[in-house]
Amino acid sequence: MWKPINGARVTSVPIFSRLQNHLYPFFGSSKRNPMAETVPGEARTLASIAVPSLPRRRIVVGCGMASIDFVATVDALPKPDDKIRSKRLKVGDDTHGGYILAELEADGVDISNVVIAKGGTSTFSYVIVDNQTKTRTCIYTPVYPAMVPEDLPRSSLLSALDEAKLVYFDGRLHRTALVVAQQAAELNIPILIDAERNKSGLSGLLDLASYVICSEKFPQEWTSSPSITYALVSILLRLPHVRFVIVTLGEKGCIMLERSIDGSEIDETDAENLLESLKMRVDKDNVLPSCVSSECMRLHAPGVGTISGRLLLGTAEIIPSSELIDTTGAGDAFIGAILYALCAELPPEKMLAFAAQVAASCCRALGARTGLPRLMDPRLAPFLH
């Protein structure tokens, strides 16, 4: 169950929420019928798939921002002072906040803790998708007024955290997020942080984190390390409670550094050299997501230090250009799949490949949610069984 702790304002949804039932049977809108979207032969294939049982503890609490996207596709981005016609525009027909809440509720999200601010403005983004380069440009307008800790009664906070398996933060609403994170830490609930960029207040959240997922630029920006791999070592040294850190690299896949629990490793190696050796083990002929991992050892970063753990390299699906539509939301899809994998206690090797497959599915449709797969999707089966 997904519980958003939302800083929703009027039609706004910075969110505090719980997701339990719908996140796990599928990763898409409950309005979609997967059988209706397939040809008869594919429908029979879907019907014959043994859907994995849901994790026993599957309540995830989310604290961050929910936004509505206005997605337009163009043949090419305009030059200064140009006027262009969009090829396709996708919008909701309701006020922003009402549309956001309705869609969350339809997907099984408990929205009882969403704060509704009269006279406020909900978060929204204009997303321009370039059909030639397959890239997107986002113009983001944040919620107003922003959610503050006083908007969230302690009773609501404790109710949302009740029986939670994980708490997720997107790095926004840092004052409110820190209050939620401190309460979660007090209750010994693991915390996952999305570190997209070095925002105000993020360091306080990272100090309480159990898991960290970073954008490609964040590790080196935050640690001033000369390489991503050395930066991951630095992150684990600076954040002793973090069990693993993942950096997402788009079409280049992802890198994960997992902390060793027992610390009994004898072998020591340079972390950057170890990453290069993992790259040599990747099957270049495999177009599907995969993962290669090292043994547990002592990983050294010059000028940074040494950490006991293992390094994992995940690959992304090689999507044919004819199938690649829009990368909007791929990173969020990846994180959502990681949250599911943690609830399902998937091993890291399966977790990374599974999350990459979910992200790839997202890229095959316009918008952040349209392409999200259901759990019974046959493309996910190899990573869940």
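These entries record what I looked up on helix packing and nonpolar cores in a predicted model.

**Entry 1, helix 7.** I began with the burial of helix 7, which spans residues 228-238. Of its 11 residues, 9 are buried, and the helix is thus mostly covered. I listed the buried positions as Ile228, Thr229, Tyr230, Ala231, Leu232, Val233, Ser234, Ile235 and Leu236.

I next looked up the largest nonpolar core and found 55 residues in it. Val167, Phe169, Ile255 and Leu257 have the most contacts inside this core. Helix 7 supplies its largest share, 6 residues.

I then examined Leu257, setting aside neighbours within four places in sequence. Its contacts include Leu232, Val233 and Leu236, three residues that I had already noted as buried in helix 7. Leu257 also touches Arg243, Phe244, Val245, Leu299, Ile307, Arg310 and Leu311.

I turned to the pair formed by helix 9 (residues 330-344) and helix 10 (residues 348-362). Their axes come within 8 Å and cross at roughly 145°; the crossing is right-handed. From helix 9, the contact draws on Ala330, Ala333, Phe334, Ala337, Ile338, Tyr340, Ala341 and Leu342. From helix 10, I recorded Met351, Leu352, Phe354, Ala355, Ala356, Val358, Ala359 and Cys362. Classified by type, this contact has 16 nonpolar residues, with no polar and no charged ones.

Terms used
Residues numbered from 1 in each chain as written. Predicted model: local features only at pLDDT ≥ 70, side-chain atom pairs only at ≥ 80, totals over all residues. Heavy atoms only, no water. Buried < 20%, exposed > 50% of the residue type's maximum accessible area, 1.4 Å probe, protein only. Helix = DSSP H or I, 4+ residues; strand = E, 2+ residues; numbered from the N terminus. Axes fitted to C-alpha atoms, helices over the stretch in contact; angles between N-to-C directions. Left-handed = near helix turned anticlockwise from the far one by under 90°. Contact = heavy atoms within 4.5 Å. Nonpolar A, V, L, I, M, F, W, Y, C, P; charged D, E, K, R; others polar. Core = buried A, V, L, I, M, F, W, Y, C linked by side-chain atoms within 4.5 Å.
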